[in-house]
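Reader: Hi! I'm new to reading protein structures. Could you go through this one with me?

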Amino acid sequence: MATMLPSILSVDVEDWFHVLDVPGAPALDTWAALPSRVEANFHKLLDLFSASGARGTCFFLGWVAERFPHLVKEAARRGHEIASHGYAHRLAFELSRQEFVDDARKARQILEDIAGSPVEGYRSAGFSVTDATPWFFDGLIEAGYRYDSSVFPAAREHGGMASAARAPHRMDVAGGSLVEFPITVADLLGQALCFFGGGYLRIFPLPLITAMAEKVLREGRPVVFYIHPREIDPTHPRVAMGLRRRFKSYVNLRTTEPKLRALLARFPVTSFRDFQARFPAAIGAVQ
Ligand SMILES: [Zn+2]
């Protein structure tokens, strides 16, 4: 059996009001007037990571980086990789190719100016690469990126690419070559599910998450964990939304921090950049 791979720790660095696809979601021109919680929450996350000796990849929203550049610098100082979550948190499938490229490039340039080093990685708002965005990967290369972690290879309420490859792989597209790290899914009772981030991490019990992570690692894939700063802040303000969506957005917030601590104690993690440098053989050609 091959050596067990480390897993990957990722944070989408955004605020409590950066929720998607609900009528009550605040518009971009109102964000600056809302009471921000991202500074305190991100510092708390960084401390939690430091206590576990964990390093990972921080996908900053360009808008957040612009307002709080010291958060980018602090993450880099603590050894985390700086990557991009786009500028304005727009769903890729609601943009034209050019709007997408402009948003992704703007975020990269802001982050590189602050960090003083190249930004290679991208994650789209809401994992919004779908069959409706055939220009997505080519557009990312045009915007200056080298890898992506936006594909959700299972059914999902908005987005999702159920037939996409599950393991990290290199893809050759018109503009060049890009590495894709899909969000990790695993089969439970014949259904492909994610257990390792966002609402999934909050809903599923820790013993199940742990067992599914071990299964993924035995299959020779790294587990991609993902977290948002608001998820360790159970009392953050709520965005108005329907009952079903409210459940998914806010259920079990109190469990996130203890689950995260337990997972980081059990599973060695690293950043996407470090993983690619150390385990090139774990990145396959596209299936
Ligand atoms: Zn996001």
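Reader: Is asparagine 252 buried, exposed or partly exposed?
Author: Asparagine 252 counts as partly exposed, at 34% relative accessibility. Buried means under 20% relative accessible area, exposed means over 50%, and partly exposed is in between, with a 1.4 Å probe and protein chains only. Keep in mind that this is a predicted model: local features need pLDDT of at least 70, side-chain atom pairs count only at pLDDT 80 or more, and totals for chains, interfaces and linings use all residues. Residues are numbered from 1 along each chain as its sequence is written, and side-chain values use heavy atoms, with hydrogens and water left out.

Reader: Thanks! Where does asparagine 252 sit?
Author: Asparagine 252 is in the loop between helix H9 (243–250) and helix H10 (253–266). Helices (H or I, at least four residues) and strands (E, at least two) are DSSP runs, numbered from the N terminus. Phi of asparagine 252 is near 55 degrees, a positive value in a residue other than glycine.

Reader: How do the axes of H8 and H10 cross?
Author: The axes of helix H8 (residues 206–218) and H10 come within 11 Å and cross at roughly 30 degrees. Axes are lines fitted to C-alpha atoms, for helices over the stretch in contact, and angles run from 0 to 180 degrees between N-to-C directions.

Reader: New topic: which residues coordinate the zinc ion?
Author: Glu14 (OE), His85 (NE2) and His89 (NE2) do, at 2.0 to 2.1 Å. Donors are N, O and S atoms within 2.8 Å of the metal (3.2 Å for Na, K and Ca), and water is not among the atoms, so sites may look incomplete. In sequence the donor residues are spaced E-x70-H-x3-H. Glutamate 14, in the loop between strand E1 (7–13) and helix H1 (28–31), and histidine 85, in the loop between strand E3 (81–84) and helix H5 (97–115), are 71 residues apart and link distant parts of the chain. Both glutamate 14 and histidine 85 are buried.

Reader: What about the strands, how does E1 pair with E2?
Author: E1 and E2 pair in the parallel sense, over 4 bridges. Two strands pair if DSSP finds at least two bridges between them. Serine 10 has threonine 57 as its bridge partner in E2, and tyrosine 226 as its partner in E10. E1 and E10 are parallel too, with 4 bridges.

Reader: Which way do the side chains of E2 point?
Author: In strand E2 (residues 57–60), Thr57 and Phe59 point one way and Cys58 and Phe60 the other, and all are buried.
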